[in-house]
Amino acid sequence: MSQQQVDEETPLLQPVQQKKARTPLPWRQFSIILFLQLAEPLTSQVIAPFAPQLIRDIGVTDGDETRVGYYVGLMHSLFFATQALTVLHWSRISDHIGRKPVILTGLFGLSISMYCFGLSRTFVGLVLSRALNGALNGNIGVIKSMMVEITDSTNLAQAYAYMPIAWSSGGALGPLIGGSLSRPADRFPNIFGHSQFMKTYPYFLACAVPATFSILAWVVTFLFLQETVSTRVTPWRLLKGQSREHSTPVKGPVTPTGSTDFLSTEDTPQRAKADDSKPLPLRSLLIPRVIIAAGNYAALSFLDIAFRAVQPVFFATPLELGGLGLDPPRIGNILAIYGVINGLFQIFFFADLHDRFGSKMIYSVSMAAAIPMIITLPIINAVARVQGLSLMVWAIVGLQLALSMILNLAYSCVFIYIAAASPNQASLGATNGIAQLGVSIARTIGPASATSTFSFSIKNPHHAWIVYYYLIALVCIGICMSLLLPRRLWKNHH
């Protein structure tokens, strides 16, 4: 870069470069994306309060309470195992045929699988329902790609601050629905007491609510969501081996912000070129910055879902076995309160915190907060053994939820890193797909490994702390991975 010529007219004090103002968010499309994103956490979290009781009811444990956690974790892991087999393909397909068809397919899969889950009376039926759910659902990476495509570098952090509102709302409403509407014939005998169907399928009503919501989200997506991929091919032409380089442009993608910059540390005028380029081959995407961003996302997700799988099982486990002995409605209320407060915290504080401290600092602090969060679990049990469900116990539960909110700040940071790691705009879906593949693998292993370790801990009193050592080891891995992240986002040279 050549230096500017200095003469007698050159001012001695250079003007301070002002910070670029935030571009307003495109609220019409942005709100639709948030609405349809609600379907996934709603369907995944609705089973959390009643999953332990469901496993007991179908008799797969033969009355062995210490095996409940193992089967609950296995049931959670099945969704992510099948998702890991398909999510990268869905994301890469969305780069060619568009985001909207893939999202519609995912919503359809969520709805059908949840209806099937509610009608399942055997563990095999539960397994098949969860597998179908994961295999047809590739929405996570695709929605994140759309989020980047309708924003720019000035308002992306603000957009990601709103993303947890969908997950938090789903995390709040899902457990509330699952805890309140499971076994309705017993809980509401005046309304459902005479329904043989509700007695035969006691968890169908709880599953039908998120399944029906997914249908509504499908309709909203079909009618109102606008495509963001500017050139695309039909699925039939893609099957014949023709990619976007053979396609013809359609109506331009939704860019309500009017921005011409792609996410980087500095706004660059090359986004038009990136938009016109074709998706890169998979091998060209496996570069260090994509691997680092995806690895941190996987480490964070592994830790988070392992803790989320242990938490409701811990709450449901009898006090004498190392848990808290709560019933499903109370567990649902705790998770619902956390979901609401977490969503509000992310909306009101993340964007400003990110502007002040940056992605690296917030991510590092969030990961470190997970260590005291995990240590609260055995402390809660120890205090409850002495005092019962006292005010002190609920205060420690509240502290645990507050630390969980800090941990969740890391998600928005890592999403920004992943968006910045994409080599070009046309490969954004595939880049998110690679990241989501690693996360799906981590989330496949996480719940089953964590709940199995918890079951082993309560079965062997001399090894009661093994599950907590395991979770803390996951935190240490995440902290080590975070050291690879740059302090400033990667620059995009395409």
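**Figure 1. Lining of the largest cavity in the predicted model.** Among the 36 residues that line the largest cavity, Gln 45, Trp 167, Asp 304, Arg 308 and Arg 443 lie nearest its centre. A cavity here is a set of points, on a 1 Å grid over the protein atoms alone, where a 1.4 Å probe fits but cannot get out, and lining residues have an atom within 4 Å of a point. The model is predicted: local features need pLDDT of at least 70 and side-chain atom pairs count only at pLDDT 80 or more, whereas totals for chains, interfaces and linings use all residues. Residues are numbered from 1 along each chain as its sequence is written, and side-chain values use heavy atoms, with hydrogens and water left out. By class, the lining comprises 19 nonpolar, 11 polar and 6 charged residues; Ala, Val, Leu, Ile, Met, Phe, Trp, Tyr, Cys and Pro count as nonpolar, Asp, Glu, Lys and Arg as charged, and the others, Gly among them, as polar.

Figure 2. The largest cavity contains about 800 Å³ of space, and the structure holds 5 cavities of 30 Å³ or more. Volume is the space filled by probe spheres set on the grid points, which are joined across faces, edges and corners. Helices supplying at least two lining residues each include H2 (39-45), H8 (156-181), H16 (288-316) and H20 (428-459). Helices are DSSP runs (H or I, at least four residues), numbered from the N terminus.

**Figure 3. Packing of H16 against H18.** The axes of H16 and H18 (residues 370-387) come within 12 Å and cross at roughly 15°. Axes are lines fitted to C-alpha atoms over the stretch in contact, and angles run from 0 to 180 degrees between N-to-C directions. The two helices, H16 and H18, are therefore roughly parallel (angles under 35 degrees; over 145 is roughly antiparallel). On the H16 side, the contact (heavy atoms within 4.5 Å) is made by Leu 303, Phe 307, Val 310 and Phe 314, and the H18 residues include Met 373, Leu 377 and Asn 381. This contact of H16 with H18 has 9 nonpolar, 1 polar and no charged residues.

Figure 4. H16 and H20 have axes that come within 7 Å and cross at roughly 30°, which makes H16 roughly parallel to H20. Their contact has 19 nonpolar, 7 polar and 1 charged residues. H4 and H20 pack at about 175°, with axes 8 Å apart, and are therefore roughly antiparallel. The contact of H4 with H20 divides into 14 nonpolar, 16 polar and 3 charged residues.

Notes. 1 Å grid on protein atoms, 1.4 Å probe; cavity = no way out; pocket = protein on both sides within 12 Å on 5 of 7 lines; lining within 4 Å. Parallel < 35°, antiparallel > 145°, perpendicular 65-115°, else oblique.
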